[in-house]
Structure formats: C-alpha cells, structure tokens
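Biologist: I have a model open and a few quick questions. Can you walk me through it?

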Amino acid sequence: CTAFGTASKAFAKELKDVLATERPAAKLTEYRHLWVDLSHMMQQLGKAYSNMYGIYCLVIFFTTIIA
C-alpha cells in the first residue's frame with residue numbers, strides 16, 4: 001500500500017509538471033494508460049485484502065463455534 005501511495009504521489013506531481021508544458025496531449029495519453037493500470041492494480045489489491053479478511057473472519061467464527 002505504501003508503494004502504491006508513493007507511486008501515485010510521484011505520478012500526480014509529474015502529471016502536474018506535464019500540464020504546465022505547451023503541448024501535453026501526447027504525454028497525457030501515455031499517462032492515462034499508466035493511471036488506468038495503477039487503478040486496476042489498486043482494485044485488485046482491495047479485492048485481495050477483502051477476501052483475506054473475509055476468510056480470516058470465517059476461520060475465527062468457525063473456530064469459536066467448534067471450540
């Protein structure tokens with residue numbers, strides 16, 4: 001999560017610098033693809049954490065019942 005946060009902040013700073021240039025259109029198309037990929041990775045990370053904690057709660061629940 002820390003790596004994603006650091007990458008996002010660096011990406012936002014770089015995007016701000018590119019927008020200050022005269023013709024940012026070409027770079028914006030490249031950055032759009034990068035941003036979509038980063039967004040997709042964050043969604044996958046969120047789903048992985050959700051599944052992990054869901055299974056963890058089920059294990060605790062069934063362990064409590066069995067005990």
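Biologist: Charges first. How many positive and negative side chains does the protein chain have?

Modeller: There are 7 positive and 5 negative side chains. The centres of the two sets lie 7 Å apart. Lys and Arg count as positive, Asp and Glu as negative, while His and the chain ends are not counted. Each charge is placed at NZ of Lys, CZ of Arg, CG of Asp or CD of Glu.

Biologist: And what kind of model is this?

Modeller: This is a predicted model, where local features need pLDDT of at least 70, side-chain atom pairs count only at pLDDT 80 or more, and totals for chains, interfaces and linings use all residues. Residues are numbered from 1 along each chain as its sequence is written, and side-chain values use heavy atoms, with hydrogens and water left out.

Biologist: How many helices and strands?

Modeller: Two helices and zero strands. Both kinds are DSSP runs numbered from the N terminus: helices are H or I with at least four residues, strands E with at least two.

Biologist: What about overall dimensions?

Modeller: The C-alpha atoms fill a box of roughly 70 × 15 × 10 Å along the principal axes. The radius of gyration is 20 Å, whereas a compact globule of 67 residues would be near 11 Å. That radius is taken over C-alpha atoms, and the globule rule is 2.2 Å times the number of residues to the power 0.38.

Biologist: What share of the residues is buried?

Modeller: Of the 67 residues, 7%. Buried means under 20% relative accessible area, exposed over 50%, partly exposed in between (1.4 Å probe, protein chains only).

Biologist: New topic. Where is threonine 21?

Modeller: In the loop between helix H1 (2-19) and helix H2 (25-66). Its side chain reaches the backbone oxygen of valine 18 at 2.5 Å. A polar contact is a pair of N or O atoms within 3.5 Å; within protein, one must be able to donate a hydrogen and the other to accept it, and residues adjacent in sequence count only if both atoms are side-chain atoms.

Biologist: Why is threonine 21 classed as partly exposed?

Modeller: Because its relative accessible area is 42%.

Biologist: And valine 18, buried or exposed?

Modeller: Buried, at 8% relative accessibility. Valine 18 is in helix H1. Its C-alpha is 7.9 Å from that of leucine 28, ten residues along the chain.

Biologist: Which residues does the UniProt "transmembrane region" cover?

Modeller: Residues 48-66, according to an unreviewed UniProt entry. That stretch is 100% helix, with its end C-alpha atoms 27 Å apart. UniProt positions are in the numbering used here, feature names are shortened, and annotations may be inferred rather than shown by experiment.
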